[in-house]
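Subject: Model handover

Hello,

Here is the structure I promised to pass on. My notes follow below it.

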Amino acid sequence: AVRLLGSGLFDRCSKVWLCAAGLLLVSVSYALLPLCTGQRELILLAGTTGIGWGIVMPLQAAAMFDLSLPADRAMNQNLLVVTMQGGFFLGPVIGGQLLACGQFGLLFFVLAGLTLVASLITFCLRTQHSDAPNIG
């Protein structure tokens, strides 16, 4: 749904800035998850997290394509997919270890911190690549 409703925005605005903003939204959602006291809050945060990832996922691939030299685009797209697949494997393994050491609150606060770091790093790309079309 985010792709359909946001495609015009994605074309007009900085991909890196929108990606950083989406990661920030996800980070805030993760930080608030342990504080949920009811089903409505949980559903609202699940929706917010989904919107954030719905913004980030297509834009990271587009930004990777735009930031890559033409000769390196195919390789970089493949490396992006391999990295994501690694995260899909390592995320639950590391998350399980965090849960073994604490509670869900610890897991979500660590996720929020890591996602915030990713957002800040992504935002820094904006200033480094301000000359690339529709990147910065």
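The largest share of the largest pocket's lining comes from α4, with 13 residues. This is a predicted model, where local features need pLDDT of at least 70, side-chain atom pairs count only at pLDDT 80 or more, and totals for chains, interfaces and linings use all residues. Residues are numbered from 1 along each chain as its sequence is written, and side-chain values use heavy atoms, with hydrogens and water left out.

**Pocket**
The largest pocket holds about 1200 Å³ of space. Of its 34 lining residues, Leu-23, Trp-53, Gln-60, Gly-87 and Ala-118 are the closest to the centre. Elements giving two or more residues to the lining are α2, α3 (39-67), α4 (73-101) and α5. A pocket here is an open set of points on a 1 Å grid over the protein atoms alone, where a 1.4 Å probe fits, with protein on both sides within 12 Å along at least five of seven lines; lining residues have an atom within 4 Å of a point. Points are joined across faces, edges and corners, and the volume is the space filled by probe spheres set on them.

**Fold**
The chain has five helices and zero strands. Both are DSSP runs, numbered from the N terminus: helices are H or I with at least four residues, strands E with at least two. Of the 136 residues, 28% are buried (under 20% relative accessible area; exposed is over 50%, partly exposed in between; 1.4 Å probe, protein chains only). Among contacts (heavy atoms within 4.5 Å) with a separation of 6 or more, 68% join residues 24 or more positions apart.

**Salt bridge**
The structure holds one salt bridge (a side-chain nitrogen of Lys or Arg within 4 Å of a carboxyl oxygen of Asp or Glu). The partners are Lys-15 and Asp-66, at 3.1 Å, N to O. They sit 51 residues apart, Lys-15 in helix α2 and Asp-66 in helix α3. Lys-15 counts as buried because its relative accessibility is 12%. Asp-66, at 25%, counts as partly exposed.

Ser-27 is found in helix α2. Its relative accessible area is 6%, so Ser-27 is buried. Not counting residues up to four places away in sequence, Ser-27 touches Ala-112, Thr-115 and Leu-116. Leu-116 also belongs to a nonpolar surface patch, together with Leu-24, Val-28, Leu-32, Leu-35, Phe-109 and Leu-120. α2 (15-32) and α5 (104-128) each supply at least two residues of this patch.

Best wishes

Notes. Patches are made of residues with over 30% relative accessible area and no salt bridge: like charges are joined within 9 Å, nonpolar side chains (Val, Leu, Ile, Met, Phe, Trp, Tyr) within 5 Å. Accessible areas come from the Shrake-Rupley method with a 1.4 Å probe; for residues, only the protein chains shown count as cover.
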